[in-house]
2 protein chains.
Amino acid sequence: MNANSVDRLGSATPADVLRLIRAGHARTRGDLQRLTGMARSTVAQRIDALTEHGLVVTGQDSVSSGGRPSSTLLFNHRAGLVLSADCGATHTRTAVFDLGLNVVAEEVSDLNIADGPVAVLNWLAARFTELLMTAGDEAHRLLAIGIGLPGPVEHATGKPVAPPIMPGWDGFDVPHYLQQTFPVPVLVDNDVNLMGLGEAAIAYPHVSPLAFVKVGTGIGCGIITGGRVFHGAHGAAGDIGHIRVTDHHDVVCWCGNVGCLEAVAGGKALVANLHESGARTNSDVVDRVLAGDAAAVRAVRNAGREIGGVLAGLVSTINPAVIVLGGQIADAGQYLLAGVRETIYARSLPLGTRDLEVTRSRLADRAGITGAAMMTTEHVLAADSIDALVGAVR
Amino acid sequence: MNANSVDRLGSATPADVLRLIRAGHARTRGDLQRLTGMARSTVAQRIDALTEHGLVVTGQDSVSSGGRPSSTLLFNHRAGLVLSADCGATHTRTAVFDLGLNVVAEEVSDLNIADGPVAVLNWLAARFTELLMTAGDEAHRLLAIGIGLPGPVEHATGKPVAPPIMPGWDGFDVPHYLQQTFPVPVLVDNDVNLMGLGEAAIAYPHVSPLAFVKVGTGIGCGIITGGRVFHGAHGAAGDIGHIRVTDHHDVVCWCGNVGCLEAVAGGKALVANLHESGARTNSDVVDRVLAGDAAAVRAVRNAGREIGGVLAGLVSTINPAVIVLGGQIADAGQYLLAGVRETIYARSLPLGTRDLEVTRSRLADRAGITGAAMMTTEHVLAADSIDALVGAVR
């Protein structure tokens, strides 16, 4: 079934009708009759059901082509709210979004993920409750929660799987714990996957595959194909930080291997590299690069080259249309990007890089929270959810 | 929509009904009424339409639960035929399949792909005509053609894109050329993608992602997710033969780069490696390994290690559930596999290899032709095709 038609032999469900209205393909009852082939009365039934649940509102159409004005059908973004959190190692961004991905309230807080799931999720529940209060009367319209965590997550269950920087989280049932406070669906995914999802949804809606590479303390990648996260068999797809890098057999990684990309080119390695000049954090590294410190520029550019070497392999493997760089070290801008591009173009076959775009994240530090909201509103607006909400209408 | 129900608000199309019968979910008209919620008369209409086009046949059900016996509905595999070809560098396998992936006729011939598209496709058209003759009266039921070619193919158009071992084929409109002889849909894809598709369909129907790695003269990979080929942006996904291998900066590849996997561990490299002992072909290499020649065993095992190094990167990137080794060099069996496994397990994070299966192709040299037939029957039996064939029935 393509985007602007429905199964020509069946009648359209309320979810089908909502999809046509959301996408802008149907603006009037007449549009719906034409696109679905349903009778006027059936279309009216569907609209009534969607209106009753606040999902569709009608307005007067000012541009009428003669005859009596037909009312315009509009998707009501404020029919529901979702809560989102993008949890990093030491900071967490929380937000309330409406169903049109508009921010109702948002903030960034210090939060140490290593404090463990109970402390972190209790804090998150309290934060969510406060955020919801800012939504006033609409708070009861909460429909779902979406969370990004900085480690591998089994997407189907929402449980982290042996996440290296998250002691105590392995196998913890995040959805179950939060549902004790909020009895709504809770979706969890890896933070980098959600950064990719957010970037793809907002900046590259018709491009596939997209690879979002986060260069922070560690290095990870989220792969988005056809608007969805590519999880692989166990949610480990995109875990490129431990691919071995040429010529660095002497660098020991925390994972127990040697020569891992992350150990050679991640923020931690850059900080260590620039330790003598006083660098202690990723921000210090970026500040030095932006100030024109030659050693820092060289270190970041070399890191870019190593990352580009691994991404050349990714180009040969999944043939992405766009590679987006994000994460704190990406704030170093053109220097990192230049190194990355240099090696990707040097080592890839022409077909793989023919139309490849290698660029910085446009959403930057809001990519993750946007992706979390995207995952969550998509779930809420999925055909099954809408048809269940609105009920069987014949 | 899941496999054993249909949209509960719409009426099922003929394609929906055929799908339920093919999958074995519906064996009687009663099953269809129950699963689709359609009236007895509507079900009868759909069955009549499908029967009229020979897609469904009815038989008497011997296991009746009292009352009058209900007739069993069966998908008629012989309602149509498809032609398939799996073209390698020097050999081509051609076949006629029915819609149930049963072989009607099949054979292997010498054919040099480097003879160019006109010579090769003329030969193929003649071969196809002869094969169809063996199908006798059924020849007129030809519904589509599927072809695998040993190079990158733009799947949407069926045109090869700068294929290295196929001079003259770049951009050639393969479907258009063959349609001058056979006025049916012609689908074309890369041979390794189709090997993956065949292996996934027959040996791993419920496993995803699957990576099929062909180790022949060159090295390539077909990635199958959810039963479909993962093509990437331009059909270059899986082109892993030119990923740079650690520590081999001195090996020059035909692609103009150094240290490519294919140049280090492909059949051509193995033949060169064993040239002094008289090896001239991939088969010579395999024969020596199977005869226990120590130099050959060592060379193949080392090639396996190098391939495993690149596959460790693929494991980190797409997190496959299964990696299948095929191609001529895979006939060397456990020696290649042992080397591949050694490096994959040494260099991957535990989550990526937790349940990973690394194994030899079960379909072996029939994987490609099976995948070509699979691609083609899937196209013929897709909802759009069936509904168009049977016509709009309300």
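Biologist: What should I know before I start?

Modeller: It's a predicted model, where local features need pLDDT of at least 70, side-chain atom pairs count only at pLDDT 80 or more, and totals for chains, interfaces and linings use all residues. Residues are numbered from 1 along each chain as its sequence is written, chains are lettered from A and ligands numbered from 1 in the order written, and side-chain values use heavy atoms, leaving out hydrogens and water.

Biologist: Which residues of H3(A) are buried?

Modeller: An α-helix has 3.6 residues a turn, so residues three or four places apart point the same way. Helices here are DSSP runs (H or I, at least four residues), numbered from the N terminus. Buried means under 20% relative accessible area and exposed over 50% (1.4 Å probe, protein chains only). In H3(A), the buried ones are A:Thr42, A:Val43, A:Arg46, A:Ile47, A:Ala49 and A:Leu50. They cover an arc of only 160° around the axis (taken from the directions from the axis to the C-beta atoms), which puts them on the same side of H3(A). Exposed A:Arg40, A:Ser41 and A:Glu52 sit on the face turned away from that buried side.

Biologist: What does B:Glu262 touch?

Modeller: Contact means heavy atoms within 4.5 Å. Beyond residues up to four places away in sequence, B:Glu262 touches several residues, including B:Thr217, B:His242 and B:Trp254. B:Glu262 lies in H7 of chain B, residues 261-265.

Conventions. Helix = DSSP H or I, 4+ residues; strand = E, 2+ residues; numbered from the N terminus.
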